[in-house]
Structure formats: C-alpha cells, structure tokens
Amino acid sequence: MYNIRTFQVIPSIPESLLRLKELAYNIYWFWNQDALDLFRRLDIELWEKTRHNPVLMLGTIKQETLEARSRDDGFLSHMERVLKRFDDYMANKTSWYKKQPVEKDITIAYFSAEYGMAECLPIYSGGLGVLSGDHLKSASDLGIPLVAVGLLYQQGYFRQYLNADGWQQEQYPENDFYNLPLTLMLNENGSPIIIEAGLPGRVLKAQIWKVQVGRVPLYLMDSNIPQNQNKWDRDITGQLYGGGTEMRICQEILLGIGGVRVLQALGIKPDVFHINEGHSAFLCLERMRMLIEEKGLTFLEAYEATMVSNIFTTHTPVPAGIDIFSLELMDKYFGNYYSRLKISRDDFLGLGRKDSGNHEEPFNMAVLALGLSGRVNGVSRLHSEVSRKMWMSIYPDVPVQDIPISSLTNGIHNPSWISRDMAGLFDRYIGPRWRTEPIDQEIWDRGDNIPGEELWRTHERRRERLVAFARKRLRQQLERRGASRHELEQAEEVLDPEAFTIGFARRFATYKRATLILKDPLRLEKILSNKDRPVQIIIAGKAHPQDTAGKKFIQQIVHQARHEPFRNHIVFIEDYDMEVAHYMVTGSDIWLNTPRRPLEASGTSGMKAALNGCINVSTLDGWWCEGYERDTGWAIGCGENYDDHNYQDDIEASALYDLLEGEIIPLFYERGRSGMPHKWVNMMKNSMRKLIPRFNTNRMVSEYASRFYFPSADFSYRLREKDYDKARDLSAWKARIREHWYEIKVEHVHANTSAEIKVGKELNVQARIHLGALTPEDIKLDIYYGPLDIKAQIASGIAIPMDNVEELSKNVYLFSGFIPCMSSGRHGFVLRLLPYHEDLCNPYAMNLIMWI
C-alpha cells in the first residue's frame, strides 16, 4: 500500500564491550555455561524477558546499563575469560577431526527440515529438530568440517496454550529475524544473495540467513521476500509442518533443490550429503541434474557419481509417518524436471515407488532417499530391525538381516543438556575432560568419586527448582485463562519440592501413550495420596495441530489433574520447549517413557535425564533396549509386541503400577540416618556411569564420520577423478552386467553333507558355474550358512566368500570355500551370487541376486 523505505537500527555498544555482539551471534554461548552467565550478568531480568536471546537483549538494554558494565572491572574480567575460551575453541587446533587419518580435507553438507539449538530460535517441533541441533554442536566440538542447510520459518512451530476446558490451542507468533542470532548473507554489492527454484509457471526465490553454531555454519532459506509476488510462495517458509500436502511438497522442493543451490551460490562444494529424514531427499535429484547439464553425464552416470556420497538417516518406524505425494502433484511440480534428468516420466516416478512397475503407486520420499543413497541407517538397533522389515519389498530375495540399513544410535550434546549444578559436580570430581571426551569410559568410572551426599543434595536442588518453575508456569497459565484469586493462590501450593517426582515430556503422538499412567485412576490415587511416601507427576508436551487424538490425551490429563485427590499431585506445563525440557530432565527423579513397542525410533529425552542423574523407567523400545540394565533403571514389560492394543495397555499399565508400588517408590524412600537414599544414589551413579559415555552426540557424530562420511568421501573422490571417468566406467559395467546376468548357469554344487561333521572341522563346498560373457572378477560367490530354525530356514545367516580355483573350460569356473563348523546341531547352507565391482558401494542396489 505504501512505498516503505527500510533502515536498520543497531545497538550502540561501548568499544570495550563490542565483542559481546560477536559472541551473541554464535550459538556457542548456549552450551558454554560461563558465556551464559556473562549474558545473565549483563541484565538478569532482561535475559529472562527476552527468552534468553542475547541479540534482542543487546538491542533493548538500557544504554546506561551498557555504560556501567563497560566500567565494571569484574564484568570485563569475566568477559575476557569467556572470549579467551571462545577464541581458543574457534581456532580448532586440537580437535578430534585433526587427529583422524583423512587424506584430503572434506566438507559434509547436512540437511534437515528443523533445528533445535536454543529456545530463542523456535524453528523446531521436537526430537528430530533437537537431534539436528545437537548434531551440529557436536560436529563443531569435534572440528568436523560440516555445513548445514534448512528453512527459516517466519512463525516456526506453534506456541501452545490450553483453553478453560483443557483443549489445546495454537498461536503462531512472528519471528523477528533481525533480533535473532541470524546474519543475512549478502553479495559483493551488499544485496541479499538470492537462490531460485522452479515452481509451476513461476520461479520461487529465497534469501539466505546464517546461524553460526560454534564452528559450524547453518544456512537457512527464507521465501518471505518481496521478489515473490505470490503470497503462497512467501508462505512456503511460514510454518514448520504447516499447511497441507501441496505446501509440504513446496517446502521440500525448496529444502532439497533450493538447498543444493544455496551451497552452490556460496561457493561451497560438499563431498558428502547427509539427508536427515526424507524431507530433503529431492537434493539427490538436483545433484544429478547439475552433473547432467554441466558435465554432460547421462542419468545413470550421474546416479553413480552422486549416490555413493548421499547418506540417508531414517527416523520413521511406520509408513504413515513418511511424506507421500500424489502423481498429480508430482506432475504439477516436476513435469518440467523429468526431461532435465534425461529420463521418462515413468522412470522418474519409479524412483519414488516401492514397485517401480506399479503405475498407480504414489511418490514416496523415503523410497527416493533409499534408492539414491549409498548408505542408510536407522537411529537405534531396534529401529534398524524395524526399518529392514518395513522396506524388505524394495530388496526382493535379500534376507531381512542383510537389507542394507545399518544401525547408528542417537545421542545428546551433553553440555547443552546438563544442569549448571551437575556440571560443577563433574568438574570437581571427574575433571573437565567430560566435556571434550565424553566417550571415554574411564572418565565416567570416576563418578564413584562423587560423594553420595553431594550428588543427592545437587539433585534435590534441581527438583526444588523444577517445582518452583512448574508453580510459576501454572500460575501464568491460570492468569491467562482469567482464573480466580483462589485458583491462583492454590497454584502456589501444588507439588512438593521433597516428594518423589515423575517426569513425562514429549510429543503427544498417540503411540507414546501419555495417559498410560492414568489407566487405573483408583490405583494411581492410592500411589499419589500416600502421605508417608508422596508422589507427584509433571507432564508437558504438544500434540500436532491436526492430531485430535493427541489433543484428547492432553485434555484427559488436565481434567484429571483438576480433581481431588490429583489436584496437587499432577501438573501439566503448557508450551513444551527446550527450556521446559531442561527444567524437567534436570529435576525429575524418574523419567517415564511409555511408547508402544516398536514405534519409538530412538527417543533422546531419557538420555538427557540420565545425564542429570534422573533414572529411566520405560518400555523396551528405541534407545532403551540398548541402555537398560537392571542397575541403570527399570523396564516396563519384557519387550513384548501385542496385536491387541487395549490388552497391551492393560498389561503394561499394571506392570508400571507394580514397579512403582513394589520397587521404585520404596527404594526412593529407603533412607539412612542422614536422610539420603543410599541405594537410590547408587543406581543414579550406575546409570550415569554406563549411559552417559554411550548415548552422546560426540560418539554419534564421530561414528557417522568414521563409518559414513570418510568412506563416502573416498568413494566420491574416486568416481570424480578425470572428469568422472570412473563414474562413467561403473555405469557401463552395470549395463554389461545387466545384459549378461541371466546367462549365468550353475552346472553343479558339491558338498559332503551326508556324513556327520564334528565340531571344529570344516565342510568343503565346491561349485561349477558357467558365467557366459562375464568373468569371475564381475561376481561375488558366497556360502551363506547358519543353524536352521523350526521351519528349516537359515535363521541368522553368515556369508563366507568362495574362491575362484580354476577355469575348467571356456567360461566355466570352479569355486571353492569352507564352512567352519563351530557348534553342533542342524545347519544348512545355500550359495549366493551377487555382482561385484570395487566401486560398488551397495551390492544389493542392482536387484540382481541369485540363490543356488
């Protein structure tokens, strides 16, 4: 309506404090306690008022306060100490990556739809985003040369509040990018760098913002700019997971295709691309398009050149959680893209189909990522098993255990999630290396040196702060609803800072069963109302705006918490975010997790709880299958799967009550003369000693680097040599293999299976095979053997390669191998023949396998 001329006002910071701005624009401050304390010291009230946002704080602080701090020797000394550590950290002279035997420096590009790095940057919804943020922080700590790409949402994920009836409502406040730790990327002329992505009949444009996460840059695309005259286009980066399916495909086009173009515009040439969940899988197509148009490669050659350096991490254990787009939407948004890849429409759509020959099947983003990635992993051992079964139709004739989806269990970034009190305790008794070398078991074994009394007092302080925080938030919630003075006064009396406290906080997806503990109100009443052993429950979490069932769970909890005898014993904290999570995982006595097995891919909140001495009580799902031991926490059930969900809920609710009544609560209240629960504290120590070194993102990211990033980069280097000659050669080799594969004939297999074989001996297996136009170098012949199950099938097969012994006649070869007989019983074997090439990173990807 008006021709508004814009200008920007920046803080007027005294010269002696100028580097506060540099520090504020690096998320490093979030996980460095001394830096956090520095900003708190600047103005504690303003720090809280700005939701812990140092950029907004510096822009709104009173000038006289800044001038006073610039003359405060104590503050200046504190700032000098923080900046010295910050400079040493950023110099990256002795990081883990510097010590690795990497021949060439590499660059990793990490793509995710959401990032949870600090509460002042609300561009995350839950565990996936927080994991992505922790991934970047640990990559920074380890010195790994990683860049990240995502979307900058104008409204982010919703802010939650409940109406008078306990029904979830959503608010979408606007993010003010100019008062957040974000830097707009400018070109040499001082104008924003703009990238483009094609949409039907128009070009979508986006500018780029940078978040500096320690040493790692995160680039975020923002489509809410005047160059996009279409409101729909400006709203593409409006809300995280907002809108319908068509908005989702637009977001994922911008994330995947636009994200690759962001890196190109910035002159960044990654060696490896990490696809964190399927939202960004379109990047695989864009990488191939660039090679086809710029290097003259065919589609199949471009596939070989890029696939080896794509890594896909799946987080979804159920098909319903995967983005699927209709053929109409794919034609609408990719109709002009098919030809740029030099393939037909059917071939293109087949990339996203489990059955490429089914022309009615819609386009599946996980299938696209699976087919175009050289390495794929789930996020826990159990989740990887579930994923292999879920995607077995993509790998016909491959045994489930051999489907190429490996396991790499999630973790947490310890410095981001530990309480200040517990961190101080660690510094005093186990030394500062727990921050930089959290994988070292020897460090955590020193936890026995922590006096039990000190550990318990530290934990009690955190519980007191959690109760105070819960009371404060409850009062704010009631005030917002217009509650009476009597209700507000009652809010000051809920909960008991000395009572046994159960914490439950997570997304309110129905499979997480937030109401399982409410299953039997009479039994729960008996547990909560015991005056000698008081118990209380603090709950938080958001349901997706379209998840009515999840909203009903929240409403049920709120209704129950309003009635006696639950009123003072159950509190629901609204608007679950990183701040709420921090108070809860650091102050609860047990961390309750009740997902319906096997639907929890991993979960990380329990890891954060364990870091702070909070003990886990969970069904055996996700990460807890690996973390649970009898002295680290409690398991609800024994890992059973049920077809009848109502029956499962009855059984597992009863098991939870039994644990609480029979073991957990009595152990907590078993006190010595000093009032300390010695056995409980011992379990806290065992949990911390065994779980912290295993379930952290330094371990996770270093494992990604060693197992995936480094080998993928090596593969990629080889295939890019001499202008992609090896990629062309590999594509031609595959074409030859496909042409002649079915010429292979097995003439004879021999093994003396009629005689009994003693343990410790070997069984010789020989095979005479006619290879047609192929050579022994083109194939890999294995003996696939193992014990037989009750169905006379090989239960857990092991593959042993057979050697090419001699050429018997033209194109006929003799292969031989030996089966080690290490245990008695009924065993079996079969021969497995696969294509083989030194540059073939996934032998199953060709869907050529022969069982003999």
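Residues are numbered from 1 along each chain as its sequence is written, and side-chain values use heavy atoms, with hydrogens and water left out. Because the model is predicted, local features need pLDDT of at least 70 and side-chain atom pairs count only at pLDDT 80 or more, while totals for chains, interfaces and linings use all residues.

The chain contains 29 helices and 28 strands; helices (H or I, at least four residues) and strands (E, at least two) are DSSP runs, numbered from the N terminus. The radius of gyration is 29 Å, close to the 29 Å that the globule rule gives for 852 residues, so the chain is as compact as a globular protein of that length. The radius is taken over C-alpha atoms, and the globule rule is 2.2 Å times the number of residues to the power 0.38. Along its principal axes the C-alpha trace spans about 95 × 70 × 50 Å. Of the 852 residues, 58% are buried, where buried means under 20% relative accessible area, exposed over 50%, and partly exposed in between (1.4 Å probe, protein chains only). Among contacts between residues at least 6 apart in sequence, 72% join residues at least 24 apart; contact means heavy atoms within 4.5 Å.

An open sheet of six strands has the order β17-β16-β15-β18-β19-β20, and its pairing is parallel. Two strands are taken to pair if DSSP finds at least two bridges between them. From one strand to the next the twist averages 20°. Axes are lines fitted to C-alpha atoms, for helices over the stretch in contact, and angles run from 0 to 180 degrees between N-to-C directions. Strand β16 (residues 535–540) runs parallel to β17 and is joined to it by four bridges, with Ile538 having Val571 in β17 as its bridge partner. Helix α20 packs on this sheet, where it touches β15, β16 and β17, and its direction makes about 70° with that of β17. Helix α24 (residues 578–587) lies across β15, β16, β17 and β18 and runs at about 155° to β16.

Helix α20 (residues 452–480) also packs against helix α28 (residues 678–691): their axes come within 10 Å and cross at roughly 85°. The two helices are therefore roughly perpendicular to each other, a term that covers angles of 65 to 115 degrees, whereas those under 35 count as roughly parallel, those over 145 as roughly antiparallel and the rest as oblique. On the α20 side the contact involves Gly452, Leu455, Trp456 and His459, which meet Trp680, Val681, Met684, Lys685 and Met688 in α28. These residues divide into six nonpolar, two polar and one charged. Here Ala, Val, Leu, Ile, Met, Phe, Trp, Tyr, Cys and Pro count as nonpolar, Asp, Glu, Lys and Arg as charged, and the others, Gly among them, as polar.

A further open sheet consists of four strands in the order β21-β22-β26-β25, with antiparallel pairing. Its edge strands are β21 (745–751) and β25, each of which pairs on one side only. Neighbouring strands of this sheet are turned by 20° against each other on average, direction ignored. Five bridges link β25 and β26 in the antiparallel sense, and Asn804 stands opposite Phe815 in β26. Asn811 lies in the loop between β25 (803–809) and β26 (812–820). Although Asn811 is not a glycine, its phi is positive, at about 70°, and the residue is partly exposed, with a relative accessible area of 22%.

Antiparallel pairing also occurs between strand β23 (residues 779–787) and strand β27 (residues 827–835), which are joined by nine bridges; the bridge partner of Gly786 is Gly828 in β27. Strand β27 pairs in the antiparallel sense with strand β28 (residues 850–851) over two bridges, and Leu833 stands opposite Met850 in β28.

Other backbone features lie in loops. The peptide bond from Glu564 to Pro565 is cis, with omega near 5°, and Pro565 is placed in the loop between α23 (548–561) and β17 (570–573). The bond from Arg597 to Pro598 is cis as well, with omega near 5°; Pro598 is found in the loop between β18 (590–593) and α25 (605–611). Leu495, a residue other than glycine, has a positive phi near 65°. Leu495 occupies the loop between α21 (485–491) and β15 (500–505) and is buried, with a relative accessible area of 6%.
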